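Hello,

Here is the structure I said I would pass on. My notes on it follow below.

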Amino acid sequence: MRPGSLSTKLNVHLRETELVGKIVREFGQWHDVPEQTVFLVKLSLDELVTNIVVHSAGQIPCVREIVLRLTTNQHELWAEVEDDGCAFNPLDLPIPDVAAPLQERSPGGLGIHLVRSLMDRVNYKRVGQRNLLVLSKKVTQPSAVELP
């Protein structure tokens, strides 16, 4: 992989998830990130941006902007999602019991559970009046083809 970074602002709208997917795909192509890693990061960011848009509606203060940052070095890809909504740490949500029968499950929490499962690390912190989630995924290069 080639080291690099990108930062962009997103509108607070569900159609921005399409843009996030495009940004992550192009960032991955530009920096030679393996497709599997691009897919996992794209899926995680789609979930997080969707949650910010859906759950911030009607809150005071409402989210006015989402900032997305991607950074890579030779071995790891980081994604940061920052918003200016009210303080909310999704990592405080209880881990859902996915083995329980559907009728016994509580709604919510599956998205952040998915993100935690797909990423190597997920951290939250409140920076001033902003929420910041930092995800990272170690990158393993596809193994070389063994010659006979």
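Val115 is found in helix 3 (helices are DSSP runs of H or I with at least four residues, strands are runs of E with at least two, and both are numbered from the N terminus). Val115 counts as buried, at 0% relative accessibility (buried means under 20% relative accessible area, exposed over 50%, and partly exposed in between, with a 1.4 Å probe and protein chains only). Before going further: this is a predicted model, in which local features need pLDDT of at least 70 and side-chain atom pairs count only at pLDDT 80 or more, while totals for chains, interfaces and linings use all residues. Residues are numbered from 1 along each chain as its sequence is written, and side-chain values use heavy atoms, with hydrogens and water left out.

Not counting residues up to four places away in sequence, Val115 touches Ser44, Glu47, Leu48, Val122 and Leu135 (contact means heavy atoms within 4.5 Å). Val115 and Ser44 are 71 residues apart along the chain, yet their C-alpha atoms are separated by 5.1 Å.

The axes of helix 2 and helix 3 are 9 Å apart, and the two pack at an angle of about 155 degrees (axes are lines fitted to C-alpha atoms, for helices over the stretch in contact, and angles run from 0 to 180 degrees between N-to-C directions). The two helices are therefore roughly antiparallel to each other (angles over 145 degrees count as roughly antiparallel, under 35 as roughly parallel, 65 to 115 as roughly perpendicular and the rest as oblique). Helix 2 passes helix 3 in a left-handed crossing (left-handed if the near helix is turned anticlockwise from the far one by less than a right angle, right-handed if clockwise).

Helix 2 has 22 residues and reaches 31 Å from its first C-alpha to its last, close to the 32 Å expected at 1.5 Å a residue (the expected span is 1.5 Å times one less than the number of residues). Its buried residues are Thr37, Val38, Leu40, Val41, Ser44, Leu45, Leu48, Val49, Ile52, Val53 and Ser56. What covers them includes helix 1, helix 3 (110-118), strand 1 (4-10), strand 2 (66-72), strand 3 (76-83) and strand 5 (130-138). Gly58, which follows helix 2, has a positive phi near 90 degrees.

Helix 1 (residues 16-30) and helix 2 (residues 35-56) have axes that come within 9 Å and cross at roughly 155 degrees. That makes helix 1 roughly antiparallel to helix 2. Their crossing is right-handed. On helix 1, Thr17, Val20, Gly21, Val24, Arg25 and Gly28 take part, meeting Val38, Val41, Lys42, Leu45, Asp46, Val49 and Thr50 on helix 2. These residues divide into 6 nonpolar, 4 polar and 3 charged.

Leu45 lies in helix 2 and is buried, with a relative accessible area of 0%. Leaving out residues up to four places away in sequence, Leu45 touches Val20, Val24, Leu68, Leu70, Ala79, Val81 and Leu135.

**The loop between helix 1 and helix 2**

His31 is found in this loop and is buried, with a relative accessible area of 7%. Beyond its neighbours within four places in sequence, His31 is in contact with Met1, Arg2, Pro3, Gly4, Ser5 and Thr72. Asp32 lies in the loop too, and counts as partly exposed at 45% relative accessibility. Asp32 has a positive phi of about 55 degrees although it is not a glycine.

**The protein as a whole**

There are 3 helices and 5 strands, in the order β-α-α-β-β-α-β-β from the N terminus on. The C-alpha atoms fill a box of roughly 60 × 40 × 25 Å, taken along the principal axes. Of the 148 residues, 40% count as buried. Among contacts with a separation of 6 or more, 64% are accounted for by residues 24 or more positions apart.

Regards

Key: Nonpolar A, V, L, I, M, F, W, Y, C, P; charged D, E, K, R; others polar.
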